[in-house]
Amino acid sequence: MSELPKCPECGSEYTYEDREMYVCPECAHEWSIHAVEEDVDDGKVIKDANGNVLNDGDTVSVIKDLKVKGSSLVVKVGTKAKNIRLVDGDHDIDCKIDGIGAMKLKSEFVKKV
């Protein structure tokens, strides 16, 4: 039987598997099984501006006003992006922002909520 990973939020060893997610019963944090497998395979870990490790499905908050290229829209400080998806490339976060739509963000301009 394979050993389940500890919770990246609180370090609890009592995590359990629920379909495609790992769940921590102590802090209720959920993270993707595939994100853990990719971290082990690639060794690439994406971190936010504060150094916290980001995973698929996390919620992040923008820490700086960001101009949207090709339009007059601005993503304001404190705007939240829920259920992010990590991708390869310069802009390593795929997300949807209310009022703007689908966007790609750099992890250096967000913090984990």
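Set aside the neighbours within four places in sequence, and H29 is in contact (heavy atoms within 4.5 Å) with C7, P8, E9, Y22, V23, C24, N55, D58 and K112. H29 itself is found in the loop between β2 (21-23) and β3 (30-32). With a relative accessibility of 11%, H29 counts as buried; here buried means under 20% relative accessible area, exposed over 50%, and partly exposed in between, using a 1.4 Å probe and protein chains only.

Before going on, a word on what you're looking at. This is a predicted model, where local features need pLDDT of at least 70, side-chain atom pairs count only at pLDDT 80 or more, and totals for chains, interfaces and linings use all residues. Residues are numbered from 1 along each chain as its sequence is written, and side-chain values use heavy atoms, with hydrogens and water left out.

Now step back to the whole protein. There is one helix and there are 11 strands; these are DSSP runs numbered from the N terminus, with helices being H or I of at least four residues and strands being E of at least two. Reading along the sequence gives the pattern β-β-β-α-β-β-β-β-β-β-β-β. The C-alpha trace spans about 55 × 25 × 25 Å along its principal axes. Of the 113 residues, 33% are buried. If you take the contacts with a separation of 6 or more, 37% of them are between residues 24 or more positions apart. The accessible surface comes to about 7600 Å², and 46% of that belongs to carbon and sulfur atoms; the areas come from the Shrake-Rupley method with a 1.4 Å probe, and for residues only the protein chains shown count as cover.

Another salt bridge joins D90 and K106, whose closest N and O atoms are 3.4 Å apart. The pair links distant parts of the chain, with D90 in the loop between β8 (85-86) and β9 (93-97) and K106 in the loop between β10 (101-105) and β11, 16 residues apart. As for the D90 pair, D90 is exposed at 54% relative accessibility, while K106 is partly exposed at 22%.

R85 and D94 make a salt bridge as well, at 3.0 Å from N to O. Here R85 is partly exposed, with a relative accessible area of 47%, and D94 counts as buried at 16%.

What about charge that isn't paired up this way? E17, D18, E20 and E30 gather in a patch of negative charge on the surface. Patches are made of residues with over 30% relative accessible area and no salt bridge, with like charges joined within 9 Å and nonpolar side chains (Val, Leu, Ile, Met, Phe, Trp, Tyr) within 5 Å. One of the four, E20, has its place in the loop between β1 and β2 and is partly exposed at 46%. Over the whole protein, the mean positions of the 16 positive and 23 negative charges are 11 Å apart. Lys and Arg count as positive and Asp and Glu as negative, while His and the chain ends are not counted; each charge is placed at NZ of Lys, CZ of Arg, CG of Asp or CD of Glu.

The loop that holds E20 is also where you'll find R19. R19 isn't a glycine, yet its phi is positive, at about 55 degrees. R19 is exposed, with a relative accessible area of 77%. N83, in the loop between β7 (80-81) and β8, also has a positive phi without being a glycine, with a value near 55 degrees. N83 is exposed, with a relative accessible area of 59%.

How values were computed:
A salt bridge is a side-chain nitrogen of Lys or Arg within 4 Å of a carboxyl oxygen of Asp or Glu.
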